[in-house]
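Work through the exercises below with the sequence and the model open. Each task is followed by a solution in steps.

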Amino acid sequence: MKAVKNFFSKYRQSWVLLYVLIYFPWFFWLEKHVTVGTPFTNIHIALDDMIPFCEYFIVPYLFWFIYVAGSVAYFLFKRPKKEFYRMTGLLFTGMTICLTICTLFPNGQTMRPPVNPDKNIFSWLIVALYKTDTSTNVFPSIHVFASLGVNLAWWNCPVSQKHKWIRPVSTLTAVSICLSTVFLKQHSVLDGLAAIVLTIVLYFFFYQPEFTRASAKAARERTKERAKTKKPLWLQK
């Protein structure tokens, strides 16, 4: 207990992680009550049928857990509180909206193909995934939303300006994860598009104000510098 107390004393901002006590019970309740055996709206468009199934995308799909959890941990332990709050604020708000939509608008998809678990390790992992994760509660895609949200956090983190490789690597990771959702037939393209729209909207709430303040401050500083270097009128003649 002392170790836990010391942890929360040192990292006071970690209280927001208690959100998992809301998210997981809600998520598993949905998984139990909205299934292929209950009424739901099927999310599907023609483009979904044009995307081939590819078992190798299970790698970035599962890497999502490391990408998201690892990034949250880094921002908790290594970044200022305000950066951690912005990141988790966007993520947890969006995830709550996703669960609310699934609660009020039961949805799912029926695109999963038959997969032979004996084909290779990738197929075996997909069969295991299909068994543990239902094909319902898919709109918007939390996988896509969280990936984009984490990527935004990295792009707006000053450390990414110092280490130039962070932004392209993070973006490549996020894009790969987003693509994996449709190539594994876990989500419809519509699920991903809805997640993109949600990410953009929340970006303006959690990151744009900071960007606007920083831009305004930079503009004021440039104005001051120009005023200092501006020649007096009698020297301009």
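**Exercise 1. Salt bridges**

Solution. The model is predicted, so local features need pLDDT of at least 70 and side-chain atom pairs count only at pLDDT 80 or more, while totals for chains, interfaces and linings use all residues. Residues are numbered from 1 along each chain as its sequence is written, and side-chain values use heavy atoms, with hydrogens and water left out.

Step 1: check burial, where buried means under 20% relative accessible area, exposed over 50%, and partly exposed in between (1.4 Å probe, protein chains only). Glutamate 83 and arginine 79 are both buried.

Step 2: look for further pairs. The element names refer to DSSP runs numbered from the N terminus, with helices (H or I) of at least four residues and strands (E) of at least two. Lysine 119 counts as exposed because its relative accessibility is 55%, whereas glutamate 55, at 7%, counts as buried. The count by this rule is 2 salt bridges.

**Exercise 2. The pairing of α4 and α5**

Task: Describe how the axes of α4 and helix α5 cross, and name the residues that make the contact.

Solution. Step 1: take the axes as lines fitted to C-alpha atoms, for helices over the stretch in contact, with angles from 0 to 180 degrees between N-to-C directions. The axes of α4 and α5 (residues 81-104) come within 8 Å and cross at roughly 150 degrees. That makes the two helices roughly antiparallel, since angles over 145 degrees count as such, those under 35 as roughly parallel, 65 to 115 as roughly perpendicular and the rest as oblique.

Step 1: list the contacts, meaning heavy atoms within 4.5 Å. On the α4 side they involve Ser71, Val72, Phe75 and Leu76, and on the α5 side Glu83, Phe84, Met87, Thr88 and Leu91.

Step 2: turn to another residue of α4, phenylalanine 77. Phenylalanine 77 is partly exposed because its relative accessible area is 39%. Beyond its neighbours within four places in sequence, phenylalanine 77 is in contact with Phe7 and Tyr11.

**Exercise 3. Helix α9 and its surroundings**

Task: What span should helix α9 have, and which elements do its buried residues pack against?

Solution. Step 1: the expected span is 1.5 Å times one less than the number of residues. For the 18 residues of α9 (residues 166-183) this should be 26 Å, which agrees with the 26 Å between its end C-alpha atoms.

Step 1: the buried residues of α9 include Ile166, Ser170, Ala174, Ile177 and Phe183. The buried residues pack against α4, α7 (142-155), α8 (159-162) and α10 (189-206).

Step 2: examine the α7 partner. The axes of α7 and α9 are 9 Å apart and the angle is about 175 degrees, and these helices are therefore roughly antiparallel to each other. Among the contact residues are His143, Leu148 and Trp155 of α7, and Arg167, Ala174 and Cys178 of α9.

**Exercise 4. Backbone exceptions**

Solution. Step 1: recall the background. Most residues other than glycine have a negative phi, and most peptide bonds are trans.

Step 1: the bond from phenylalanine 139 to proline 140 is cis, with omega near -5 degrees. Proline 140 is in the loop between α6 and α7.

Step 2: asparagine 137 is in the loop between α6 and α7, and its phi is positive, about 60 degrees. Asparagine 137 counts as buried because its relative accessibility is 12%.

Step 3: lysine 185 has a positive phi near 60 degrees and is in the loop between α9 and α10. Lysine 185 is buried, with a relative accessible area of 8%.

How values were computed. A salt bridge is a side-chain nitrogen of Lys or Arg within 4 Å of a carboxyl oxygen of Asp or Glu.
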